Amino acid sequence: MRDIDELIEEAKGGSHVAFEEIVRLTYQDTYTLAYRLTGDEEDASDVVQETYLRVHKGLKKFRGDAQFSTWLHRITANCANTFLGRRGRNRTDELPDDSVVIDLNPASDPVHRADVGDLRNQITDALRTLPPKLRAVVVLRDIYDLPHEMIAAELGITESAAKVRLHRARKRLRERLYPLNSEQGISYEGDGEARAV
Amino acid sequence: MLSEPMQCDDVGTLLAASADDASLLSPPAATHVTSCLRCQAEQAQYRRILRTMKTLRTETVVVQPELLGDVLDLLRPPAEVVKFRRPAEDRRRAAIGGIAAAATGAAAGALVIASKIAGGRRLAS
């Protein structure tokens with residue numbers, strides 16, 4: 001299999017076959033990010049298609065200063081942001097950042113889920129309950145490791161706004177995953193860190 | 001003059017911010033955390049969530065099977081799209097040609113039959 005950098009150079013030179021190979025190698029990862037940002041399969045598919053159209057148009061501008069995956073994630077984030085903004089205007093009102101999401105389904109109750117699932121699944125579920133604006137920032141920063149300035153640029157907000165959203169999102173996640181917090185006592189994990197029990 | 005010691009509520013927001021960067025915790029806040037089990041627990045929870053979120057990076061969700069084809073179709077160069085569509089156009093043209101030929105044949109046949117009938121009537125009279 002050819003290296004992604006070679007494929008990028010070939011695609012820049014006009015090779016459609018090389019570009020198709022890039023799509024084949026990266027579309028699952030792109031879809032995963034799009035799905036995490038939109039929380040919906042159909043919306044994620046639309047975002048992926050728009051992303052690759054933009055990548056195709058802009059590939060010659062990719063200079064290789066950052067990794068290709070980072071560049072691709074930025075474009076995906078930008079497309080998802082545009083898509084969610086458009087959808088918010090056309091279909092539903094976006095949730096304000098401070099709204100409280102109440103899920104009455106017992107299967108979604110974190111205490112119940114703690115018995116049947118691991119923290120990864122619980123986090124995945126908890127992410128879906130966040131308002132899109134908060135979810136985008138925490139996904140891009142804490143899962144995909146994008147720097148604050150890149151996140152701010154792609155979401156069209158200031159860096160300080162991105163940080164505020166990140167801290168709010170983390171707080172919401174913690175409150176959802178550990179609703180009892182320290183009310184019932186403290187114990188220590190094997191790695192020496194304290195935790196609520 | 002000594003400043004007021006920090007309370008848990010004051011430290012709460014800083015703990016979310018400092019989950020991946022301990023330097024964001026101010027010295028008074030850090031002092032509070034070292035002596036407060038509740039804040040230590042909260043800090044540990046943030047770190048645990050963050051560690052687990054990092055592991056999600058390598059996880060991919062199940063993709064709809066038609067997505068790759070849809071994306072590749074969208075990106076196919078116009079020349080290839082024309083080439084791809086040509087067989088269908090050829091089939092359509094062949095079908096139209098066949099119908100036209102059949103109609104012409106039928107009309108010719110009808111003329112022959114009509115002329116034979118007319119010829120027979122003339123002979124009989």
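The axes of helix H8 (residues 148–155) and helix H9 (residues 159–177) of chain A come within 8 Å and cross at roughly 100°. Here axes are lines fitted to C-alpha atoms, for helices over the stretch in contact, and angles run from 0 to 180 degrees between N-to-C directions. H8(A) is therefore roughly perpendicular to H9(A); angles of 65 to 115 degrees count as roughly perpendicular, under 35 as roughly parallel, over 145 as roughly antiparallel and the rest as oblique. Helices (H or I, at least four residues) and strands (E, at least two) are DSSP runs, numbered from the N terminus.

The structure is a predicted model, in which local features need pLDDT of at least 70 and side-chain atom pairs count only at pLDDT 80 or more, while totals for chains, interfaces and linings use all residues. Residues are numbered from 1 along each chain as its sequence is written, and chains are lettered from A and ligands numbered from 1 in the order in which they are written.

On the H8(A) side, His148(A), Glu149(A), Ile151(A), Ala152(A) and Leu155(A) meet Glu159(A), Ala161(A), Ala162(A) and Lys163(A) of H9(A). Two residues are in contact if their C-beta atoms, placed from the backbone, lie within 7 Å. The contact of H8(A) with H9(A) comprises five nonpolar residues, one polar and three charged. In this classification, Ala, Val, Leu, Ile, Met, Phe, Trp, Tyr, Cys and Pro count as nonpolar, Asp, Glu, Lys and Arg as charged, and the others, Gly among them, as polar.

The 19 residues of H9(A) should span 27 Å at 1.5 Å a residue, and the end C-alpha atoms of H9(A) are 27 Å apart, which agrees. The expected span of a helix is 1.5 Å times one less than its number of residues. Buried residues of H9(A) include Ala162(A), Arg165(A), Leu166(A), His167(A) and Leu173(A). A residue is buried if 20 or more other C-beta atoms lie within 10 Å of its own, exposed if 12 or fewer, and partly exposed in between, with C-beta atoms placed from the backbone. The buried residues of H9(A) pack against helix H6 (119–129), helix H7 (132–143) and H8 of chain A, and also against H1 and H3 of chain B.

Chain A contains nine helices and two strands, arranged along the sequence as α-α-α-α-α-α-α-α-α-β-β. Of its 197 residues, 36% count as buried. Chain A is divided into domain 1 (1–94) and domain 2 (95–180), with bounds from an automatic or database domain assignment. Twelve residues of domain 1 of chain A are in contact with 15 residues of domain 2 of chain A. On the domain 1 side, helix H2 (16–38) and helix H4 (68–90) of chain A each supply at least two residues, and H4(A) gives the most, with seven.

Chain B has five helices and zero strands, and 15% of its 125 residues are buried. Between the chains, 32 residues of chain B are in contact with 39 residues of chain A. Helix H1 (8–17), helix H3 (37–55) and helix H4 (67–75) of chain B each supply at least two residues of the side that touches chain A. H3(B) gives the most to this side, with 14 residues. By class, the side of chain B that touches chain A has 20 nonpolar, seven polar and five charged residues.
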